[in-house]
Amino acid sequence: MGDFFLQEGIQNKCPRGASLKFAHPAPSKARPRILPVFLPLAGCPGRCLFCAQHAQTGVKTTSLEQALAFLEQNLEAARPDAPLEVGFYGGTFTGLPEAWMERFLAAARPHRERGAVSGVRCSTRPDRAPAGLLRALAAQGLDRVELGVQTFSEHALRLAQRGHGAEASLAACQAVREAGLGLSLHLLPGLPGHTPEDFSRDVEQTVALGPEAVRLHPCLVLAGTGLEQLWRAGGYEPWSLERAIAALAPAVLRFWRAGIAVTRIGLAHEPDLEAAVLAGPTHPALGMRVRALALHRHVEELLGGRRADSLRAPASASGGFWGHARELAEPYAGLGLERERVYFEDRDDFQLDVQND
């Protein structure tokens with residue numbers, strides 16, 4: 001598996017014959033209940049090479065009026081004892097006419113006042129996130145911006161026909177922060193011209209920017225996109241599933257250690273999406289596989305070349321610990337952690353015992 005994010009060392013490596021207690025490396029941040037309001041391609045200045053929003057969102061067609069009616073209907077049913085966060089996805093929210101942005105935010109305001117809405121977020125493009133507009137939207141009730149930076153590689157951005165460069169992404173991140181808004185970033189590894197080494201630089205740049213969360217969406221060839229045409233012409237070869245997992249797992253661990261939540265790995269498996277995927281690294285358990293491998297890497301680095309005697313883990317970690325179809329059983333055995341040496345218990349932390357010489 002890839003070595004794109006090897007750390008200089010972990011200070012709390014286990015000495016021989018000792019035990020180390022540690023928390024799961026993923027940040028323990030509460031995940032809000034999201035009411036997604038999909039606006040496929042609304043506000044977008046063009047269509048990127050990889051984009052198939054209708055397949056990705058499962059929403060074939062909608063108007064702004066329909067989206068607003070959907071929002072109002074669902075907010076009327078929202079309860080203060082189970083508050084939710086409104087999320088505007090699938091288009092470029094800050095590219096909408098200002099009157100529509102105001103209408104959407106105004107619809108959420110009374111429900112926020114009664115405690116049924118805990119926050120409002122939107123996704124947008126870096127080149128449609130001017131500082132003045134973000135400040136105005138923050139004053140109207142927007143709390144978080146999810147920026148689709150995709151990559152900081154100028155070459156890959158150009159090939160993807162993104163319409164902006166890395167400087168726009170850096171400026172947008174600064175504008176979001178200056179507006180007092182929360183920041184999430186979307187990365188899209190495996191674009192045309194995008195290598196695992198480019199992705200490692202994307203990860204380090206993301207860590208330097210310090211968002212609260214990231215979403216990782218390995219690039220897929222979807223029907224009806226410009227990328228399909230390029231792929232059919234032999235001009236693009238997507239990452240294999242193995243290559244994607246090898247790059248994503250150390251990236252996830254890097255984000256975890258930086259206190260950045262990884263809120264999604266891969267696109268949601270909508271029926272329309274599954275029918276539209278022509279090529280690329282997709283798997284129904286992609287997120288679990290990546291997170292399980294990231295945890296394995298964390299344990300391996302804690303051991304620092306030593307062999308484990310046993311591992312006591314929270315029962316909540318048992319579901320994905322061994323990976324998909326127990327694919328990590330052999331790698332864990334290589335660390336000394338055969339199945340009979342791993343105990344899942346009623347506990348919150350992990351305890352790693354190291355063998356004596």
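Contact here means heavy atoms within 4.5 Å. The model is predicted: local features need pLDDT of at least 70, side-chain atom pairs count only at pLDDT 80 or more, and totals for chains, interfaces and linings use all residues. Numbering runs from 1 along each chain as its sequence is written, and side-chain values use heavy atoms, without hydrogens and water.

1. Arg 121 sits in strand E4 (residues 117-124). Helices (H or I, at least four residues) and strands (E, at least two) are DSSP runs, numbered from the N terminus. Arg 121 counts as buried because its relative accessibility is 10%; the cut-off for buried is under 20% relative accessible area, with exposed over 50% and partly exposed in between (1.4 Å probe, protein chains only). Leaving out residues up to four places away in sequence, Arg 121 touches, among others, Glu 85, Arg 144 and Glu 146.

2. Strand E2 (residues 34-38) alternates. Leu 35 and Val 37 point to one face and are buried.

3. E2 pairs with strand E3 (residues 84-89) in the parallel sense, over five bridges. Pairing requires at least two DSSP bridges between two strands. Val 37 stands opposite Phe 88 in E3.

4. Helices H2 (residues 64-76) and H3 (residues 98-113) pack at about 5°, axes 10 Å apart. Axes are lines fitted to C-alpha atoms, for helices over the stretch in contact, and angles run from 0 to 180 degrees between N-to-C directions. H2 is therefore roughly parallel to H3, a term for angles under 35 degrees.

5. Residues of H2 at this contact include Leu 64, Leu 68 and Leu 71. Those of H3 include Trp 100, Phe 104 and His 111.

Technical notes: Parallel < 35°, antiparallel > 145°, perpendicular 65-115°, else oblique.
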